[in-house]
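Open the model in your viewer and colour it by chain. The tour goes from the overall arrangement to the contact and then to the core.

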There are 2 protein chains.
Amino acid sequence: MSTQLTGPEDLTAKARIRAAAFALVAERGVHSTTVRAIAQRAGVSPALVIHHFGSKQGVIDAISTWIVEYLHRNTREPDRGGDPAQALQRRLVRFERMVAEVPLLGAYVRRMLLDGQPDGLDWFRRAVDLSAEELAHRERMGKARPSTDLRAEAAMLFILGFAPVLLGPLLEHALDVDFDDERSWTRWRDAESELLTSALYPGATAADAP
Amino acid sequence: MSTQLTGPEDLTAKARIRAAAFALVAERGVHSTTVRAIAQRAGVSPALVIHHFGSKQGVIDAISTWIVEYLHRNTREPDRGGDPAQALQRRLVRFERMVAEVPLLGAYVRRMLLDGQPDGLDWFRRAVDLSAEELAHRERMGKARPSTDLRAEAAMLFILGFAPVLLGPLLEHALDVDFDDERSWTRWRDAESELLTSALYPGATAADAP
DNA sequence: CCCTATGCTGAACATCTGTTCAGTCCTGGC
DNA sequence: GCCAGGACTGAACAGATGTTCAGCATAGGG
């Protein structure tokens, strides 16, 4: 994914096709991305797209594999060290950096998650798994209060932390922010922290809450 | 929207077409819904779909208008009474009831919101507006603590409250729940209440939070 | 030089999509 | 009975899509 540092003319046609397809899928979604549009953007013929990847679905699958591997490689933990209570947080910070470097990555991941693809469903579940492990660690360490339903609260934590990606366009519209700008992320993070460290409805019990 | 109480054979062809299109759009999205599929489900010819609505986009627009009006009619407040601090909450409860009655409504609304349609963006923003007004009311009444960034926190509140619709499939997969079942909503609501009434990280300041 | 493998193309194909068109049938009004 | 309007259809059309096919160019090896 060093597409920003290497000019398109330095790439093989296959690499150009893959990059073009990635960009188009991120911008428009799978359905609105045609083989002809990919070919045009890559500067090749439609037949070559099919030649290299076997079919349109072949291209789509290849991108998915490519991105999943890229994410895995770039967000995973070093083997040694690191507080388990912060593992997901560190992944999210790394992910933020990646999105800042390759803005289309956020859009691609959002589509993958929201379009009902099996990969997206499993990826979301995995993220909730990590969030739940992390929250459990924090409880044991006395950093977090006990939760009646730890998994549901972990899902909420993940949704809040990942909302700028998952719901980026909606939030950008509703809050007049631009998540390509670091300050918008900071704004979101600060509000999130406040919500989690200071009860919004301090005088209410859970049963009383609105 | 009394489609559940009136058998299809009692409807005009136009109404059947509209209901078929609604169901297909909710299930598959606009792109994967073809005029021929609508026609087949409605038991008419494709030409009749066009005859009644002018074009495929005409059908799509007609459904959108129909649903927005239906939602407006069924979630809006009576003119008199009602605590402003609970206005959005009451709307959400009414919406939940509607979704329980017409499950496809949730799926339709989710697609409208997530597919980047102008209507969906504006609708989301309007919901955040309401959430912010409500939160402001609660602060003034002393029911909620002051927020540094009220609007961002209001957006978070709305996202959490509406997540079973907005992110239904993801959550169903990650939490092994089914939001057609009332108990799953109750589970979500209870966890949400706990998060909002009891600081998850009570010993931390906002700057220290993970 | 010849052969093979790889990269690549333009043209053509089969299928699908949204839409138009000409025509039939039914109903209600005069 | 006749006419107009509305409901409705099947066939056809034009354009778009994913894919196949035949062929050309280049590079490397024997």
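Begin with both chains of this predicted model. Chain B superposes on chain A by a rotation of 180° with 0.0 Å of shift along the axis, at an RMSD of 0.1 Å. This is therefore the relation of a two-fold axis. To find the axis from chain B, select Ala199(B): its C-alpha is the one in that chain nearest the axis, 2.2 Å from it.

Next, select the contact between the chains. Chain A gives 52 residues to it, and chain B gives 52 residues. On the chain B side, show these helices, each of which supplies at least two residues to the side that touches chain A:

- α6 (103-114)
- α7 (118-140)
- α8 (150-166)
- α9 (168-175)
- α10 (182-197)

Which helix provides the largest share of that side? Select α10(B), which accounts for ten residues. Now colour the side of chain B that touches chain A by residue class: 30 residues are nonpolar, twelve are polar and ten are charged.

Compare the two sides of the contact. Of the interface residues of chain B, 100% are also interface residues in chain A, so the copies meet through the same surface.

Last, move to the largest nonpolar core, a set of 110 residues. Select Ala155(A), Ile159(A), Ala155(B) and Ile159(B), the members with the most contacts inside this core. Then centre the view on Ile159(B).

Conventions:
Residues are numbered from 1 along each chain as its sequence is written. Chains are lettered from A and ligands numbered from 1 in the order in which they are written. This is a predicted model: local features need pLDDT of at least 70, side-chain atom pairs count only at pLDDT 80 or more; totals for chains, interfaces and linings use all residues. A nonpolar core is a set of buried Ala, Val, Leu, Ile, Met, Phe, Trp, Tyr and Cys residues joined through C-beta atoms within 7 Å. A residue is buried if 20 or more other C-beta atoms lie within 10 Å of its own, exposed if 12 or fewer, and partly exposed in between; C-beta atoms are placed from the backbone. Copies are superposed by least squares on the C-alpha atoms of residues with pLDDT of at least 70 in both. Two residues are in contact if their C-beta atoms, placed from the backbone, lie within 7 Å. Helices (H or I, at least four residues) and strands (E, at least two) are DSSP runs, numbered from the N terminus. Ala, Val, Leu, Ile, Met, Phe, Trp, Tyr, Cys and Pro count as nonpolar, Asp, Glu, Lys and Arg as charged, and the others, Gly among them, as polar.
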